[in-house]
Amino acid sequence: MASETAGRDDVERFLIAEARLLDERRFDEWEALFTDDATYWVPIDPERASPGGISIIHDDRARLHERVYRLTKTPVLDQNPASRTIRLVSNVEVDAAPAPGELTARSAQLITEMRPGGPGQAGLSAPRWFAARCEYRLRRANGSLKIAMKKVTLLNSDEPHYNLSFIP
Amino acid sequence: MAITERPTQSLADLVMDDPREFRIHGTVYTDPAVFETEMDRVFAAHWVYVGHTSELPATGDYKTVLVGGQPLIVSRHEDGQLYALYNRCRHRGAVVCRQERGHSNFFRCRYHNWVYANNGDLIGMAQSTGYPDEFPREEYGLVRVPRLQSYRGLLFANLAGDGPSLEEHLAPVRRYIDYWLGRSPMEDVEVVLPPHRYEYPGNWKLQAENGYDGYHGNYVHLSWQRVLQLSKEGTVDDIQQYRQAGCTRGLANGHGVLERPGSLNPNASWTARMMERYPEYAQAMHARFGDPEIMEISARRNIFVFPNLYLFDTHIRIIVPKAPDRTEVQLYVYNLQGVPERINESRLRGHERFYGPAGFGAPDDIEVFTEVQTGVHAQGHQWNLLNRGQHRERFEGGEWIGHTTDEPPQRALYRQWRRAMAGD
């Protein structure tokens, strides 16, 4: 029981640190949290257990790198002005490892997002809220945790969305 | 030339079909009266795309849609036929279906339990002794939309009982729809659910004007071009050069096309590349089409069908106006039938990369729609220009054909819009 609790605290600290990297737009450091075979998945259909058809995001490691490269190195319009975000991470649960050296974690997150703008600018200056259930497969490597899989199921995943390019 | 006079006569005057300076008044995007009239004269008086038949393969399948703001059900009845029904109980007006899509043997109004068959027939009323025996149930079914018709799987509804037939409406764009289908050697597509959905705080016509706009790509999508360069799929220079090739077409009835050149050379077209990579695909295509047809099929086109449909290489796009400054867009990806699975898989993954609310391209487009929506409130000048390439376009075979960065399709859109809004 004691070791499980330590595992949970460990994971919670890790997830909070991950959220902070995204809030602070330290996308390169965030990307470095992922294993080389990692996937990052934001489904449209909240009931679907595995990807089929299309998703809001379904990145393998190469596409995740493109996503970060796009945000950090290219002249994007949809993140200029950039999103401000505050991510609340809660309800962390850690489950038995499906594979040696791995953990499964679940959490709830609430992202408040806003892009600042001048007066009257459509689409700017309006806070938006995104509640989501998150699932992770985490792997211990060299004493630290890495993300092998991250799945974010938005409460309103199958509703129409304005830009979600801030990394939900 | 500064043109600041305000149009005073009819809403049709919001489009100035001037031979040198085609222009539209900014209020086409903002005025609630314009929007109300559009719902009536554009959306309730034209063939409006409501879905693909592959979305509703089985008896009892249904989807709900908004056409010009009106809730409709499209449903497959046990007679095998599709029906478009007004989603409004004949008794006290509640909707009889609230889900986006599903499967049901009947539609039941939850208010007083009136029950309707999938073709709209009234088949049950709670405590029916409250109505006389001679109550004519057959007259109180869900009202059927007067016209619902498919063209090769593309399903269109028309809330007006009269006016041009679907054949007449589609005639100017039909050959491009056929070429679009021709990438499938079975000339058929199957929609893959769920769709991408996005919504932006801007007018619906901003999306309509943009899907075949060949002018914005090098600026709005420079970021995308840099991603492609990172992945060694082409340098920004190569891509920008490619974007100069092809043409734009403004068609009759408001339709339009952006077209990249076709080619039988695997280095120069997607279709030829797939045919080279997958011999079984090449064999099926050659069995169905001759080289001149494959040449046409291999031209990559963004095809707009007035007023709410786009056909893209990866998806079918529906534009849903919700308010003057609010629009939903639905992107239904589809599989090409009769092609190797890996072709469709890579098409879907490619779609996901660019499109949707977190794609690497579409959100940049949406961003500029909101910028126009804000900008047109400034009244220093009141007209937006759509005159690019008017001096160099040519009229040929009933089409206005222009440079790939020119605006013949946008002019075609607003000519039809102008006719509709005038009430002609």
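User: How do you know how far chain A of this predicted model reaches in mean pLDDT?

Analyst: The mean pLDDT of chain A is 93, and 96% of its residues reach 70 or more. pLDDT is the predictor's confidence in each residue, running from 0 to 100. This is a predicted model, where local features need pLDDT of at least 70 and side-chain atom pairs count only at pLDDT 80 or more, while totals for chains, interfaces and linings use all residues. Residues are numbered from 1 along each chain as its sequence is written, and chains are lettered from A and ligands numbered from 1 in the order in which they are written.

User: Why is α1(B) called roughly perpendicular to α13(B)?

Analyst: The axes of α1 (residues 32-43) and α13 (residues 408-421) of chain B cross at roughly 100° and come within 9 Å. Roughly perpendicular covers 65 to 115 degrees, so α1(B) gets that label against α13(B).

User: Which residues make that contact?

Analyst: Thr37(B), Arg41(B) and Val42(B) of α1(B) meet Trp417(B), Ala420(B) and Met421(B) of α13(B).

User: How many residues does each chain bring to the contact between chain B and chain A?

Analyst: Chain B brings 36 residues and chain A brings 30. On the chain B side, α12(B) gives the largest share, eight residues.

Key: Two residues are in contact if their C-beta atoms, placed from the backbone, lie within 7 Å. Helices (H or I, at least four residues) and strands (E, at least two) are DSSP runs, numbered from the N terminus. Axes are lines fitted to C-alpha atoms, for helices over the stretch in contact, and angles run from 0 to 180 degrees between N-to-C directions. Angles under 35 degrees count as roughly parallel, over 145 as roughly antiparallel, 65 to 115 as roughly perpendicular and the rest as oblique.
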